[in-house]
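The sequence and structure are shown first.

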Amino acid sequence: PGGPGGLRDRGEVGGVERVEKSVGVIHNVFESAPTVAEGIRDVATTLGDLGAWSGPPPNVISLSGDGGALVIGLRSLLHTIHRRSQIAIFVQMNEVFANTGFQYSPTAIPFADSSTAPFGVPAEPMDYMGLAIAAGAGFAAQGSPAFAPFFAEVVDEALRCKETAVVFVFSPCIAGWKYEEGMTVELGKLASQTGIFPCFRKRRGETGEVKHVPEKTKRPTVEKYLAAQRRFEHLVRMVDGQPKVTPGKEAQIAHLQSFADRNVERLTRLAAAP
């Protein structure tokens, strides 16, 4: 009672202490989520300073999709981080504008199809982790519920951070990525293990870490990850339980494998940066 998260003592019931967690939600336009959360934090801090807030300070959380946070809302995200407001920003990474028709997003990995780019584009995704760290995030991470203990640690650390924390969450979309139900956890594991979306965390000014990515010679190749999603069926498909590259698309697969390998190298450099 009285600890992080807004737990409040509500007395005893049958000799057992009962606690309750209060949760409030504000539904706002996509691109302004960090700014709205920042305003809530300012109000809560002011009320506390005036003695008008009883109980522990609240956790303030911003939830966005990657399109809302990193495309139409990038200004809001970066300025909130720069002002170092004590909020935790969670960005769901599904690589499309899933709310409005699965349009192409600059967070997508190369050649992923979408409603506005049917065969994808060769461009590699924006360096959103580098942007968050450069803007001054007190804690920056990316993870997946497929690695539950790591993900729980990341969420806990984000909520405890005294400045702005940003967590990018691997969020497959069955309708947009076109994969079979029940494959979400497997995709999350393959995304990290291949290097497409490695688990990562870093506190500002400290050495970070890349997690759940084997040594390069022991990593799964990208084909298995890609073949499980029909958004890549123009490149590779499952045939008799094995991924089979479409003839003539070998260069695109090599491009994606190179991207995954370089992605691990990039995050490793970010982890080591001061």
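Is Arg204 buried, partly exposed or exposed? In this predicted model, local features need pLDDT of at least 70 and side-chain atom pairs count only at pLDDT 80 or more, whereas totals for chains, interfaces and linings use all residues. Residues are numbered from 1 along each chain as its sequence is written, and side-chain values use heavy atoms, with hydrogens and water left out.

Arg204 is partly exposed, with a relative accessible area of 35%; buried means under 20%, exposed over 50% and partly exposed in between (1.4 Å probe, protein chains only).

**Salt bridges**

The structure holds 13 salt bridges, each being a side-chain nitrogen of Lys or Arg within 4 Å of a carboxyl oxygen of Asp or Glu.

| Pair | Closest N to O |
|---|---|
| Glu95 and Arg231 | 3.0 Å |
| Glu163 and Arg204 | 2.5 Å |

Glu95 and Arg231 form a salt bridge. This pair links distant parts of the chain, 136 residues apart: Glu95 is in the loop between strands E4 (88–93) and E5, and Arg231 is in the loop between helix H8 and strand E11 (236–239). Both residues, Glu95 and Arg231, are buried.

Because Asp127 lies in the loop between strand E6 (103–104) and helix H4 (128–135) and Arg266 in helix H9 (residues 250–272), the pair ties together parts that are 139 residues apart in sequence. Helices (H or I, at least four residues) and strands (E, at least two) are DSSP runs, numbered from the N terminus. Asp127 is partly exposed at 33% relative accessible area, and Arg266 is partly exposed at 22%.

**Arg219**

Arg219 lies in the loop between strand E10 (209–211) and helix H8 (222–227). Arg219 is buried, with a relative accessible area of 16%. Not counting residues up to four places away in sequence, Arg219 touches Gln193, Thr194, Val213, Pro214, Asp261 and Val264, where contact means heavy atoms within 4.5 Å.

**Largest pocket**

The largest pocket holds about 1300 Å³ of space. A pocket is an open set of points on a 1 Å grid over the protein atoms alone, where a 1.4 Å probe fits, with protein on both sides within 12 Å along at least five of seven lines; lining residues have an atom within 4 Å of a point. The volume is the space filled by probe spheres set on the points, which are joined across faces, edges and corners. Of the 45 lining residues, Val25, Ile26, Ile61, Ser62 and Leu63 are the closest to the centre of the largest pocket. Helix H1 gives the most to this lining, with 7 residues.
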